[in-house]
Amino acid sequence: MRATKLERQGRCVGMYEILIVDDHTHLVDSLAIGLPWEQMGISNVYKAYSGEEALELLNYRSVDIVVTDIHMNGMTGLELIARINEKWKNTKAVIITGYDEFQYAREAIQQQVCDYLLKPVSNEELEQTLRTIIDRIREEGNELLNQQKFAYRFRESLPKLREMFLFELLSGKSYPLSALQDKLQLYGLPFSAEKEAILLCMRVEEDYSNTDLYSLSLIEYAMFNIVEEVFADKYHVAYCKDSHDYLIFLVQPNPSVQSGRDHSAIIEDLARLSQHQIKLYLKSKVSVVLSSWGGFPNDILPMYHSALSIYTDYIGYQTESFFDAKQKKEVFEIQPLAELYRSQTFMELIDLEQWNGFESKLNRIFVELEGAGGGAREYGLQIYVTLLQTYSYYLHKKGKRIYEVFGREIDKMLKIDAGWSVEPLKEWAFGSYVQIKAYSDSRSDNIRSDLMERIRRFIQENIKDITLQTVADHVNLHPVYVSNLFKQETKENFSNYVLRLRMEKAVQLLRHKDLKISQIAHEVGYQKPQYFIKLFKTQYGMTPQEFKNGL
């Protein structure tokens, strides 16, 4: 994912990234090794050999500066810069042009190019140009970080940030107390941690299916405002829309306002008033459910689930209902095991093979289960069925039968022992997790090993014409993925590996064949002998001819 403008322009020295684009591969490679990048404050130098390849790379890398030739096969440099300006407005561009192409420079200025350089470009000239641009980026970053401007933009975003904060609590996200208090202070939410609060859940019952999104947003905003104004004198209110399109309000008494009446009675009156005003002013029917009271924020999730269950268990298709959780009579005082269904779920974690998160969730579930008392057996069945479904889904997606991974343990998995208690269930759950993670690790190692073998073989067989793009096409993967995989598995950059292989092949040709230096250069993928000679000398400390003479 690309960094934001604020992140990129606020980076410290040594954190900028550059992309060099030219369809003459030797020019790109030469520039990539010819400048003191680290001293200039540039941490990563990317290379692309066409405009199309450059755009692909820009989708995945946070590039600050693009240096491109004007004339390239396919997309021209100016076309590339125009595309960059459309999508990445903060990326700076430098063009390289021939003297007879000077008219293009005027168009380049219109495209807001930072600078243009006439061929042939010396390393010193390019370095000075890039240093100037980096200074400009730093100045823009300082301006962007100006406290007043940032504060203004932050205030504009506050309503959405507050909504997202409540939505995250309803989704099961938890915060350490200090982090929660910092969040409340940052967002200007006057709620007190560990004090009691109540949820007001509202189901909109008008048919807005033919209403455009903008108009619907205005209606919902008006509903939020009505409830907030009705409660404002005595209560703090935060609100959001949940994933079921219900409007959810978090309500907590304002400790500075004293009331002689019971808060539950007051809140019921205010909730009914809100329901009435929404119908009166917005001509919209809504059903309202008041949750039970609970501590903020730890009880928010069970309060929310309990309130939603009232819609399904009691209200159903009735409209304009009003229901207080105190009215609910239940035969069994049992609720879903909160952590089991809290985001991220087991299915979400295993889908991305986030094994550390999977294990942590198992630990949290069993902590909750151990405090469930008489409901442990009921909850244990939930855990067992959920894990079995998760493992089946994962293995079937990989084309494996459950038996192939768990072997004889399958008999134990497919039999629910009536005598199970928490400890045997816990032993089975963690044992199964260890087995399936071991399978995943082994499978990933084999896949990467096979893939790297295919990549190495292809490079060696096509060393003369090899590029990152041709390798990626050969294995049907994205060039960025291939580049990252290569670095992880070999601890060596792709371009350095190709360079080393070419130089090693050149040494073999110098030793065993009576070929001219120009022929050897061509055989190892370099059209210009002088460039080959330069690279060879950098690699071995002598020219190819000197090496040959010393044999």
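Me: Where does Glu-320 sit?
Reply: Glu-320 is in the loop between helix 12 and strand 11 (322–324). Helices (H or I, at least four residues) and strands (E, at least two) are DSSP runs, numbered from the N terminus. Residues are numbered from 1 along each chain as its sequence is written. This is a predicted model, where local features need pLDDT of at least 70 and side-chain atom pairs count only at pLDDT 80 or more, while totals for chains, interfaces and linings use all residues; side-chain values use heavy atoms, with hydrogens and water left out.

Me: What is the phi of Glu-320?
Reply: Phi of Glu-320 is near 55 degrees, a positive value in a residue other than glycine. Most residues other than glycine have a negative phi.

Me: How exposed is Glu-320?
Reply: Glu-320 is partly exposed, with a relative accessible area of 32%. Buried means under 20% relative accessible area, exposed means over 50%, and partly exposed is in between (1.4 Å probe, protein chains only).

Me: What about Glu-194, where is that and what is its phi?
Reply: Glu-194 is in the loop between helix 9 (177–186) and strand 6 (196–204). Its phi is near 70 degrees, also a positive value in a residue other than glycine. Glu-194 counts as exposed because its relative accessible area is 59%.

Me: Which residues does the cis peptide bond join?
Reply: The cis bond joins Phe-296 and Pro-297, with omega about 0 degrees. Pro-297 lies in the loop between strand 10 (294–295) and helix 12 (300–315). Most peptide bonds are trans.

Me: New topic, strands. How many residues of strand 3 are buried?
Reply: In strand 3 (residues 65–69), 5 of its 5 residues are buried.

Me: Which way do they point?
Reply: Ile-65, Val-67 and Asp-69 point one way, and Val-66 and Thr-68 point the other way. In a regular strand the side chains alternate between the two faces of the sheet.

Me: Which strands are joined to strand 3 by bridges?
Reply: Strand 1 (residues 16–21) is joined to strand 3 by 4 bridges, and the two run parallel. Strand 4 (residues 92–97) is joined to strand 3 by 5 bridges, again parallel. Two strands pair if DSSP finds at least two bridges between them.

Me: What are the bridge partners of Val-67?
Reply: In strand 4, Val-67 has Val-94 as its bridge partner. Val-67 is also the bridge partner of Ile-20.

Me: What unit do strand 3 and strand 4 make with helix 5?
Reply: Strand 3, helix 5 (residues 77–87) and strand 4 make a right-handed β-α-β unit. A crossover is right-handed if, with the strands pointing away from the viewer, the path from the first strand over the helix to the second runs clockwise.

Me: And strand 9, is it covered on one face or both?
Reply: Both faces are covered. Val-286, Val-288 and Leu-290 are buried on one side, and Ser-287 and Val-289 on the other.

Me: How does strand 9 run against strand 6 and strand 11?
Reply: Strand 6 and strand 9 run antiparallel, with 5 bridges. Strand 9 and strand 11 run parallel, with 3 bridges. Leu-290 in strand 9 is the bridge partner of Leu-200. Phe-322 in strand 11 is the bridge partner of Val-288.

Me: What is the volume of the largest pocket?
Reply: It is about 1,300 Å³. Of the 44 residues that line this pocket, the closest to its centre are Asp-29, Lys-47, Tyr-49, Phe-494 and Ser-495. On a 1 Å grid over the protein atoms alone, a pocket is an open set of points where a 1.4 Å probe fits, with protein on both sides within 12 Å along at least five of seven lines; lining residues have an atom within 4 Å of a point. Volume is the space filled by probe spheres set on the points, which are joined across faces, edges and corners.

Me: Last one. Which side chain makes a polar contact with Ser-440?
Reply: Trp-355 does, at 3.4 Å. A polar contact is a pair of N or O atoms within 3.5 Å; within protein, one must be able to donate a hydrogen and the other to accept it, and residues adjacent in sequence count only if both atoms are side-chain atoms. Ser-440 is found in helix 19 (residues 422–461). Ser-440 counts as buried because its relative accessibility is 2%.
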